[in-house]
Amino acid sequence: MSIKIQNISKSFGSFKALDDIHIHIKTGELVALLGPSGSGKTTLLRIIAGLEAADQGSILFGNEDITHIRTKERKVGFVFQHYALFRHMSVFDNVAYGLKVRPRKSRPSKKEIEERVYELLRLVKLEAYANRYPTQLSGGQRQRVALARALAVEPKVLLLDEPFGALDAKVRKDLRRWLRRLHDNFQITSIFVTHDQEEALDVADRVVIMNEGRIEQIGSPEEVYDHPNSPFVYDFLGNVNLFRGRLHKGKLHQGNFQIDAPEFSDAENKTAIGYVRPHDISIEKEENSKDGVSAVIKHIHVVGPIVHLELKRNDTEEYLEAELTKDLYNNLQLKTGEKVFVKPKQLRVFIPEDYTI
Amino acid sequence: MAKMYLNRMIEDPDRTSRLIEIAQSSLQPLLKGAIYYTVPLTLISFFIGLVLAILTALARISSIKPLQLIAGVYVSAIRGTPLLVQLFIIFYGLPTIGIVIDPLPSAIIGFSLNVGAYASEIIRAAILSIPKGQWEAAYSIGMTYSQALKRIILPQASRVSIPPLSNTFISLVKDTSLASLILVTEMFRKAQEIASTNYEFLLLYTEAAIIYWVICFFLSIIQGKIEARLDRYVSR
Ligand SMILES: Nc1ncnc2c1ncn2[C@@H]1O[C@H](COP(=O)(O)OP(=O)(O)OP(=O)(O)O)[C@@H](O)[C@H]1O
Ligand SMILES: [Mg+2]
């Protein structure tokens, strides 16, 4: 089922939690809502589920306007940020209840319900725990019960609020891959909230980046990572180095070094900042061209196949981060304290006055 | 005074045996009063009161203003006036406008209204103590309001409200003695009737007190059992 979110706004008192949100989600897509704490992710998800009413705007599932339809009738699966399992019921009943309370004519038989529940418990690897109570489970197990409960009612839309928030890194990684497979097998449309950018980039078809109740950017993980359209997104998705300088006729000048910024060919002496990802910084031992910046290597961390360098610029005394492959690092034979020349391979220039943050 | 009473008992063996005889012979009528009136009056009033309390609690937390108002006025009026006055209004007052109700039904009405008001506050607090997420989770898997209430919220709220509701119940057992004043021949009225023939007030009223105490003692044992049972699965 496709989801159309159209100019949704929501205020709590005088505080604007969501401001004119538009998102179109295609059937079968897995979309991540990514943003810092308080950016309105949960609020948006709750409005889609009907747990909160929008002040303005409409929501369509397929072609049906469901803005004024109650949660119960929306047939969405919702996995809550804090699980919200029914504490007085066993794992089995938690999962079964959505089916048990259906009106008689659409309710499966007792045996069918049991089969369906065990099928789901197998899927979330909790068959052996059917008779336990939520308090007798670990965080990750509760999370999976919550997921099985949401899936039991065969939703067309699955909404997950930080589903892996409380889990450790390894389990998170396993579970999110597993969620991706599950999403594909069930052929549903899913939206999941996270503030972990790696998680969003890893499993989502598209990423919606939110900030202060507004959407900053929507795009595939590659798009938003490689081509952020604002300083905020650059900053939010991974590490970034800043080159502050003056923009003049398609070049960013900083001290006696300059870099091309062709998209600003008619800029006249404006203050600007170049954003460069650590892996877009090249390191040379000799000064081959005019646009290298001299710097000293302060620290070297080898993390698996990637080498992180911390450098200090000799001209501005600012720190820079660079990433290179282990092969390249071995070829260059870099050492702490060594003087090198640093050059941005790719950079994106923003003029701060266009983006008041 | 107390000393004189005891001295007389010890010095006068005849009187002692007379007292024992009165105690024994009055035990049966007193227990009859308890079994035929005190206990049923308590159980019926508590049951009706509990239903009333749940409805009142739901009305007070509903978003419908008139319901909130009616429930609020009811609770305030009952809690703000003496139980005895309420009973008198029902039994002695209403006949003035042509509504005549027998003693026992009058007592049941009075006690039910009373339990309804007090217990509604307990139930309201218990329902509000259940996290909002439990309602939302129930709605999200397709439950209606009444399904969510019956299957998700009330079972959890009941554990929270058992101790204060037991208090209400035990108070009710004792308050039924007030029904004696509107001519219900419950245990305490029986004690009064017997005492008025033989003037052994201390003996009979003490005997009644002991029977009340025994009933309440067993009730608190039952309360403990229920709590342990509910705790099994709502432990956090
Ligand atoms: N019921 C409410 N009443 C008042 N303010 C609210 C309410 N719900 C949310 N807010 C405010 O709206 C803003 C967005 O909240 P929301 O829960 O959507 O953030 P979030 O992006 O999910 O954050 P997090 O990552 O911390 O969960 C916050 O500033 C929050 O304080
Ligand atoms: Mg949130």
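1. Basis of the values. Because the model is predicted, local features need pLDDT of at least 70 and side-chain atom pairs count only at pLDDT 80 or more, while totals for chains, interfaces and linings use all residues. Residues are numbered from 1 along each chain as its sequence is written, chains are lettered from A in the order in which they are written, and side-chain values use heavy atoms, with hydrogens and water left out.

2. Domains of chain A. The domain assignment, which is automatic or taken from a database, divides chain A into domain 1 (3–236) and domain 2 (239–354), and the C-alpha centres of these two domains lie 40 Å apart. Their contact (heavy atoms within 4.5 Å) draws 10 residues from domain 1 of chain A and seven residues from domain 2 of chain A.

3. Area between the domains. About 820 Å² is buried between domain 1 and domain 2 of chain A, with carbon and sulfur atoms giving 54% of it; buried area here is the accessible area (1.4 Å probe) that two parts lose on being put together, summed over both. Of the area that domain 1 of chain A buries against domain 2, Tyr225(A), Pro231(A) and Tyr234(A) supply 69%, more than any other three residues.

4. On the domain 1 side, helix H8 (221–226) and helix H9 (231–236) of chain A are the elements that give two or more residues, helices being DSSP runs of H or I with at least four residues; H9(A) gives the largest share, four residues.

5. Chains A and B. This contact takes 20 residues from chain A and 23 residues from chain B, and about 2000 Å² is buried, 60% of it from carbon and sulfur atoms. There is one salt bridge between the chains: Arg46(A) pairs with Glu136(B), the closest N and O atoms being 2.7 Å apart. Seven residue pairs, both at pLDDT 80 or more, are in polar contact across this interface.

Notes. A salt bridge is a side-chain nitrogen of Lys or Arg within 4 Å of a carboxyl oxygen of Asp or Glu. A polar contact is a pair of N or O atoms within 3.5 Å; within protein, one must be able to donate a hydrogen and the other to accept it, and residues adjacent in sequence count only if both atoms are side-chain atoms.
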